[in-house]
Amino acid sequence: MAPWPELGDAQPNPNKYLEGAASQQPITPDKSKETNKNNTEVPVTRIELLPTYSTATLLEEPTEVDDPWNLPTLQDSGIKWSERDTKGKILCVFQGIGRLILLLGFLYLFVCSLDILSSAFQLVGGKMAGQFFSNSSIMSNPLLGLVIGVLVTVFVQSSSTSTSIIVSMVASSMLTVRAAIPIIMGANIGTSVTNTIVALMQVGDRSEFRRAFAGATVHDFFNWLSVLVLLPVEVATHYLEVVTQLIVESFHFKNGEDAPDLLKVITQPFTMLIVQLDKQVINQIAMNDETVKNKSLIKIWCKTFTNMTQMNITVPSTANCTSPSLCWTDGIQTWTMKNVTYKENIAKCQHIFVNFYLPDLAVGIILLIISLLVLCGCLIVIVKILGSVLKGQVATVIKKTINTDFPFPFAWLTGYLAILVGAGMTFIVQSSSVFTSALTPLIGIGVITIERAYPLTLGSNIGTTTTAILAALASPGNTLMSSIQIALCHFFFNISGILLWYPIPFTRLPIRMAKGLGNISAKYRWFAIFYLIIFFFLIPLTVFGLSLAGWPVLVGVGVPVVFIIILVLCLRLLQSRCPRVLPKKLQNWNFLPLCMHSLKPWDALISKFTSCFQMPCCCCCRVCCRVCCLLCGCPNCCRCSKCCQDLEEGQEAQGVPVKAPETFDNIAISREAQGKLHAPDSKTESTAL
């Protein structure tokens, strides 16, 4: 803390705080307060001091800071039900029904926008994802297979799509089950990026964003930590391959019915009007089919007719004829008869882009922008509706139902019941991304705690693997066994991760790591985008490039980096637990430059960089900014454009009176206190409270 300025007249004025000091009227002391014998016989004046407030005391006594992870209290500010008349009660019921209909409607659009977002990513990066799989020779490297699984799932925004590609390659003997297991692990990581993107939509409120981003990234940390432990174990022991092989050989699986598409039955009628994709193109590119490299992913013809007929064709010589009896020459060419299959297009698909004939990249970018806008708008409205519905007694009942544990001694069963609930809900909606993305805004507004969302997320991992097992049972005969084995590998990988990071409370590291990242992202909101880019794009692409260069390059670069990370983690652990064992210089990070142990310099740099692109707003921008502020629910302004800062600067220019400390009635200290808001040349005087 900076020292007080040395001022000669900075003395407290006691007369101001003495009551009755001006009038020296003697007060008769009572018997309990007689003068001492050693003192002179001067009448004692009773002095009553007014309460004073010491600045040093205020600084020394820390105030109680609320835990930012405590759930907010959603109080009902409306009229109580008992105070309403009959008309008011009927109106309240209809308002509740209307809110419920609006909530279901926007939730439907929210789920549809997630589906369109997945289609947009497939149009933008689907062919590139297929080319990642086309070179099966590099798949023998487990680390390379892991990052390929991450990148492909991030590009197509669907773990089921990447898993279906892997199943096709294993069934065609282009890929072994041993090489496919790391790719499955990478797909498990990549599928968690969707709810992390959804959490970015709640960036307007710091408290909501802290909880929402932590609730979304707890899934990321679980997957990353599970891979860091289980991938080396799998490479060393191949336990997933051995266990699933025994299960497949022990049970005689038969082709069954396809997995029930409970949610797609509702959403497909709408999403198919937007765009329809031929997902077999990505599979064929991964299978090195040269005929589909220039084929569009957008489906044009939905109804076709395939027919086989005999046609006369020319062949180079009689040796190429189908049979000697069906071979003849006309003196110039050799002819034969052959069965030829041809496809006849009957009816076009009924979606928006069927007659536009735009390239896949252009359609993908258009759908990406539209789906993100719809996703953001639906999420904002859903949060607003939930905030208006979940108030008072309703919020209390829901919080107690979801976040309360079973009574002792069965409290430990609550988390496992939440895992089953998450698995069941994911099985119903047929998508872990949809379930976790719908869970994220509930965490943000404070209905569900991070500790309760964690087992629900683990259950969604189990639910999506059971869906994959049912889908594998519906596979044709040539791909049945490989499909079931890969689905079982995915299932036992998630079970192993749950056994590692959930049963013992001490091992629930993803919760603590997610809360730490939530605190950082709430303070520096740009760090959330930085995290998303680094962990899901730059690190996998860097590992992919180093793996292509060969094992020596990967080991030469990776081993020092891993060693530095482990050294920093050990040093940080010692600094927090037992700093006395360290040298004095290593007990904190102050020996490093500030930019290496603090985000403040980077925050100032990014703020300075972004301020260069802010221009004065036109009238239209101001209107849009105000609408944005109203939708986001920002306290004053969300700084979405330059006009917000102009408004704040105008309010500051009007002048806000600042009162100096009362104990020190001094002009110099008053001016120093007010110097942060007023110009240096402005002459201000302190005002006593």
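In this predicted model, helix H17 (residues 509–523) packs with helix H18 (residues 526–549) at an angle of about 130°, their axes lying 6 Å apart. Axes here are lines fitted to C-alpha atoms, for helices over the stretch in contact, and angles run from 0 to 180 degrees between N-to-C directions. Helices (H or I, at least four residues) and strands (E, at least two) are DSSP runs, numbered from the N terminus. H17 is therefore oblique to H18; angles under 35 degrees count as roughly parallel, over 145 as roughly antiparallel, 65 to 115 as roughly perpendicular and the rest as oblique. On the H17 side the contact is made by Leu-517, Ile-520 and Ser-521, and on the H18 side by Phe-527, Ala-528 and Tyr-531, where contact means heavy atoms within 4.5 Å. By class, this contact of H17 with H18 holds 5 nonpolar residues, 1 polar and no charged. In this grouping Ala, Val, Leu, Ile, Met, Phe, Trp, Tyr, Cys and Pro count as nonpolar, Asp, Glu, Lys and Arg as charged, and the others, Gly among them, as polar.

Residues are numbered from 1 along each chain as its sequence is written, and side-chain values use heavy atoms, with hydrogens and water left out. Because the model is predicted, local features need pLDDT of at least 70 and side-chain atom pairs count only at pLDDT 80 or more, while totals for chains, interfaces and linings use all residues.

Turning to the chain as a whole, there are 24 helices and 5 strands. Of the 689 residues in the chain, 36% are buried; buried means under 20% relative accessible area, exposed over 50%, and partly exposed in between (1.4 Å probe, protein chains only). The chain exposes about 40,600 Å², with carbon and sulfur atoms supplying 64% of this area. Accessible areas come from the Shrake-Rupley method with a 1.4 Å probe, and for residues only the protein chains shown count as cover. Among contacts between residues at least 6 apart in sequence, 74% join residues at least 24 apart.

Two further helix pairs share H14. Helix H13 (residues 413–429) and H14 have axes that come within 8 Å and cross at roughly 120°, so H13 and H14 are oblique to each other. Their crossing is right-handed; a crossing is left-handed if the near helix is turned anticlockwise from the far one by less than a right angle, and right-handed if clockwise. In H13, the residues Gly-422, Met-425, Thr-426 and Val-429 meet Ser-432, Val-434 and Phe-435 of H14. This contact of H13 with H14 comprises 4 nonpolar, 3 polar and no charged residues.

The axes of H14 (residues 432–444) and helix H15 (residues 450–473) come within 9 Å and cross at roughly 170°, which makes H14 roughly antiparallel to H15. H14 contributes Ser-432, Phe-435, Thr-436, Leu-439 and Ile-443 to the contact, and H15 contributes Ile-450, Ala-453, Leu-456, Thr-457, Ser-460 and Thr-464. The residues in the contact of H14 with H15 divide into 6 nonpolar, 5 polar and no charged.

Several individual residues also deserve a look. Ser-482 lies in helix H16 (residues 480–501) and counts as buried because its relative accessibility is 10%. Apart from neighbours within four places in sequence, Ser-482 is in contact with Val-167, Val-170 and Ala-171. Ser-482 and Ser-173 are 309 residues apart in sequence, yet their C-alpha atoms are 9.9 Å apart in space.

Ile-346, in strand E5, has a relative accessible area of 46% and is therefore partly exposed. Leaving aside neighbours within four places in sequence, the contacts of Ile-346 are with Trp-301, Lys-303, Thr-304 and Phe-305. Between Ile-346 and Cys-302 the C-alpha to C-alpha distance is 8.1 Å, at a separation of 44 residues in sequence.

Tyr-357, in the loop between strand E5 (334–348) and helix H11 (360–389), has a phi near 55°, a positive value in a residue other than glycine. With a relative accessible area of 60%, Tyr-357 is exposed. His-238, in the loop between helix H7 (206–237) and helix H8 (239–250), has a positive phi of about 55° although this residue is not a glycine. The peptide bond from Phe-408 to Pro-409 is cis, with omega near 10°, and Pro-409 lies in the loop between helix H12 (392–403) and H13.
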